[in-house]
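Student: Let us take a close look at a single part. Please walk me through chain B.

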Amino acid sequence: MGTYFSKEKLDLLKAQFDTAEYDAEQAEPAIYIGKEQLLDLMKVLRETPTYAFDRMSCLTAVDYKEYYEMVYCLYSRRYDLWVTVKVKLDHDNPEVESMTQIWEGTNFEERETYDLMGIKFLNHPDLRRILLPDNYEAHPLQKDFVPLEPRVEGGVLTWHKPKNLS
Amino acid sequence: MAQTEKFVLNMGPQHPSTHGVLQVQVELDGENIVGAKPVMGYLHRGIEKLMESRTYAQCVPYTDRLDYVSAMNNNLGFCMAVEKLAAIEVPERAEYIRVICAELNRIASHHVFIGSLTNDLGSATGMIYAFRDREKILDLFNIICGARMTAHYIRIGGVAADAQEEFLRDTQAFVDYVPAMLDEYDRIFTGNEIFQARMKGTSIITKETALKYSMSGPNIRASGVDYDIRKIDKYGAYGKFDFNIPLGEQGDNWDRYIVRLKEIQESANIIQQALDNMPEGPVMAKVPKVLKPPKGDAYHRVENTRGELGFYIVSDGSTKPYRVHIRRPSFVNLQALDSMCQGMLLADAVTAFATIDPLMGEVDC
């Protein structure tokens, strides 16, 4: 699978962004970045001619209970190069800049992440639920998710928190 | 001059030309399409969530149900991601059998594409021809693993069982039949005047649009972008085979059809090379009965029939994955539907739905 972003390049980025970090012991370390600097870092990765990361191959989020982590796997077609960028988000208020400002093709994937994981994307053109019903008020991929119960009220299917059975 | 008013027409979720439960809200000005918004989720089963409460081996059958007309490719993607995570070496013979199955499944999936496309364009006969030949491949899968569509044949560490003589012999017979099959398709559909008139120059996706929307698979190659994961990543045994990547020129419906037709021949060539050079040996690596990959995460992508299929798996060191994310090609490709349909007539929207080839099991996940 191509080559991974070298440690020299990672150090260059680290010098440029003060919140950037990586684990030097791993063979293919991901870049951790503060969420304020994410958009700038991504712009550098996309626009620097020697990187040219033109494809967002995978965009997703993981719920680690104390925090959420956004995971971006970027691929550069020109250099057959990979890099993974990760951002830790506050568990109470997960918000991050939308990548549609740089890669327009991440629109649906961000809507999916919002729908299933509850991450809010700032400056997204159309942040609505994509897979679940519009009146569903939970995000199933969160680790503390409890399935909602369907009920028909006035001819409309609505979703409710389950009553405590015990 | 008559005044017209824009209105919205719902196509689907129960509409024969949307191939499953895709709903498209088509905004019309008279008969001209102003916009087309895909609405999905009718087939959402929460496979990513389900996988969190299954062991790694139990997750594999769920991948069959993603893109259920090319199940082998999905098995392959998931198994390779787990193998990457747990550092499992797959025996060479298993790699070859995997390639044969994945390419057979690619052909079968393109048969569904051709069949439903011709059906949508008003030729029900075409569907019968394509499905007749698809049946031959499903019979091959029946021989090798006992299932026709949801194969669950590719397992973590190799394949479920060695390929029998009967399977190899019948696969050879099928590969020999492919040129005659394609010749027949050319005579029945490709040369058909109506077929050409409906597809040439309609629903163009330019190179720039295709790249902008992160498209992949035959859809992006029809727009002239040379992007095939089999060639780029050379995963599994793909690095050992010599094959071409068919490219289109302008990215219209016609190119998307032709690219897939040519891919059938290329897939047959790959299968032929795999059959000729098939090594002997085991077909399953030594995989612990209770598989506990080390803590960490892995992303692996393969080229399934519809494009770039990626699995991102996080392991917490237990027997079950902590998180699985599936990057589904049809889901991402659907973003281009709006720009494909704009300016076309309503009747052409049906062709556009068919050639972008979404599979709802994969879109909704």
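Why does the radius of gyration of chain B agree with that of a compact globule?

Tutor: Chain B has 365 residues, and a compact globule of that length would have a radius of gyration near 21 Å; chain B has 21 Å, so the two agree. That radius is taken over C-alpha atoms, and the globule rule is 2.2 Å times the number of residues to the power 0.38.

A word on the source. This is a predicted model, where local features need pLDDT of at least 70, side-chain atom pairs count only at pLDDT 80 or more, and totals for chains, interfaces and linings use all residues. Residues are numbered from 1 along each chain as its sequence is written, while chains are lettered from A and ligands numbered from 1 in the order in which they are written.

Now the extent. The C-alpha trace of chain B spans about 75 × 45 × 35 Å along its principal axes. Chain B holds 15 helices and 8 strands. These are DSSP runs, numbered from the N terminus: helices are H or I with at least four residues, strands E with at least two.

Next, the packing. Of the 365 residues in chain B, 51% are buried (20 or more other C-beta atoms within 10 Å of the residue's own, with C-beta atoms placed from the backbone).

Last, confidence. The mean pLDDT of chain B is 90, and 99% of the residues score at least 70; pLDDT is the predictor's confidence in each residue, from 0 to 100.

Conventions
A residue is buried if 20 or more other C-beta atoms lie within 10 Å of its own, exposed if 12 or fewer, and partly exposed in between; C-beta atoms are placed from the backbone.
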